[in-house]
Amino acid sequence: MQVSPSILASDLTRLDKVFGSMDMSLVDYIHIDVMDGHFVPPITFGESYTQMVKNLLGEFHPQPGLDVHLMVESPDKEVPKYFSIKPSILTFHAETTHFPLRLASEIRKQGIRAGISLNPATPLESVENILDSLDLVLLMSVEPGYYGQPFISSVWDKLEKLADWKKKYPHLTIEVDGGVDDKNIEKLSRLGADIVVAGSYIFKAQDINERIRTLKKYS
Ligand code: DX5
Ligand code: ZN
């Protein structure tokens, strides 16, 4: 299991300290939740803060990749702002664009993996016909907007179905985001999640690395 800790749930004023306390050899990605106050109520951070995170990570070896999750109303405008930062993954929401193919192809042209995210109420079928043009599907297991919310169990059916479709599209990565913890990680792994995002489970703990290790041990 690959783990993408969501820094939204960490002490954002002391990210240097937060990163310093993490065993980066355990961390596959750093998850960045970009929120614009329109698609979701809160405003978090944008491309400047994301660049700063990338700079901070430059001091670490091994260096985890950036997993940027855009929760913004106009991804067509916002996506290009992240090209020069070169994240490993750049994900936009299916609910926010009529042109997912074009957006994914622009992201891929930059050598960045293109992800699409689905809110809990958005059916998997909305991306069924475009899976070969995507690198990753991010299934939301909470409504986007806040960390610390309980896991929504309707994601189980979606995960099972997507894992089944993946047999036809083996290049696809399945990521699950929201409410991930030690109670659901075994099933997430068993049903086919490749990457899990975890915010409060990791950062609201005394021992961050022990929490990451717990999530990683399932495969
Ligand atoms: C929710 C965000 C998630 C969130 C995860 O809108 O996309 O990445 O920060 O936090 P937890 O793991 O606490 O649900
Ligand atoms: Zn997220």
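User: Which residues come nearest to ligand 1?

Analyst: Gly145, Gly148, Asp177, Gly199 and Ser200 come nearest, out of the 20 residues around ligand 1. A residue is near a molecule if one of its heavy atoms lies within 4 Å of it. This is a predicted model, so local features need pLDDT of at least 70 and side-chain atom pairs count only at pLDDT 80 or more, while totals for chains, interfaces and linings use all residues. Residues are numbered from 1 along each chain as its sequence is written, chains are lettered from A and ligands numbered from 1 in the order written, and side-chain values use heavy atoms, without hydrogens or water.

User: Which atoms are the protein donors of the zinc ion (ligand 2)?

Analyst: His31 (NE2), Asp33 (OD), His69 (ND1) and Asp177 (OD), at 2.1 to 2.3 Å. Donors are N, O and S atoms within 2.8 Å of the metal (3.2 Å for Na, K and Ca).

User: Why is the site of the zinc ion (ligand 2) called octahedral?

Analyst: Six donors count as octahedral if opposite donors are over 155 degrees apart and all others between 65 and 115. The six donor atoms here make angles of 71 to 170°, and the site is octahedral.

User: Why does Lys86 count as partly exposed?

Analyst: Buried means under 20% relative accessible area, exposed over 50%, partly exposed in between (1.4 Å probe, protein chains only). Lys86 is at 43%, so it counts as partly exposed.

User: What makes the pair of Phe45 and Tyr49 stacked?

Analyst: Rings of Phe, Tyr and Trp (its six-membered ring) pair if their centres lie within 6.5 Å; planes under 30 degrees apart count as stacked, over 60 as edge-to-face and the rest as tilted. Phe45 and Tyr49 are 4.7 Å centre to centre, with 15° between the planes, hence stacked. Phe45 is buried at 10%, and Tyr49 is buried at 18%.

User: Why is the pair of Phe151 and Trp156 called tilted?

Analyst: The ring centres of Phe151 and Trp156 are 5.0 Å apart and the planes stand at 45°, so the pair is tilted. Phe151 counts as buried at 19%, and Trp156 counts as buried at 13%.

Terms used
Tetrahedral: all angles 85-135°; square planar, octahedral: opposite > 155°, others 65-115°.
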